Amino acid sequence: PPWETRRAQADAARGNNAAQEILRTPESLQAFRTELRAMVAWLAPFASVVVWVLFNEGWGQFETRANVQWLRELDPVRLIDAASGWNEIAEGASPLGD
């Protein structure tokens, strides 16, 4: 579909979510976590990886707080950019991530 249609579909998937995050099915959450866990394990030995970017420009952004915490537990050493260039979710007065 055209670009505008994809964006409209993504916006519709967010529904009435005040944080403008999409809602995922349990299967989609499992696939996301499985793939992220595999990527972190694969790239962990490389010192040149200094930051994880969970969501780029909001595409697929969901449960940002929970995902940042999960990723911190998975890799407590590297920095985390929770949402690069889009929907900044704040934790208190400061944004999530490093």
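Val50, Val51, Val53 and Leu79 form a nonpolar patch on the surface of the predicted model, with about 320 Å² of accessible area together. Patches consist of residues with over 30% relative accessible area and no salt bridge, where like charges are joined within 9 Å and nonpolar side chains (Val, Leu, Ile, Met, Phe, Trp, Tyr) within 5 Å. A salt bridge is a side-chain nitrogen of Lys or Arg within 4 Å of a carboxyl oxygen of Asp or Glu.

Gln61 is located in the loop between strand S1 (51-56) and helix H3 (64-74). Gln61 is buried, with a relative accessible area of 1%, whereas Val50 is exposed, with a value of 52%. Buried means under 20% relative accessible area, exposed over 50%, and partly exposed in between (1.4 Å probe, protein chains only).

The protein contains three helices and four strands, which run α-α-β-α-β-β-β from the N terminus on. Helices (H or I, at least four residues) and strands (E, at least two) are DSSP runs, numbered from the N terminus. Of the 98 residues in the protein, 32% are buried.

Residues are numbered from 1 along each chain as its sequence is written, and side-chain values use heavy atoms, with hydrogens and water left out. In this predicted model, local features need pLDDT of at least 70 and side-chain atom pairs count only at pLDDT 80 or more, while totals for chains, interfaces and linings use all residues.

Technical notes. Accessible areas come from the Shrake-Rupley method with a 1.4 Å probe; for residues, only the protein chains shown count as cover.
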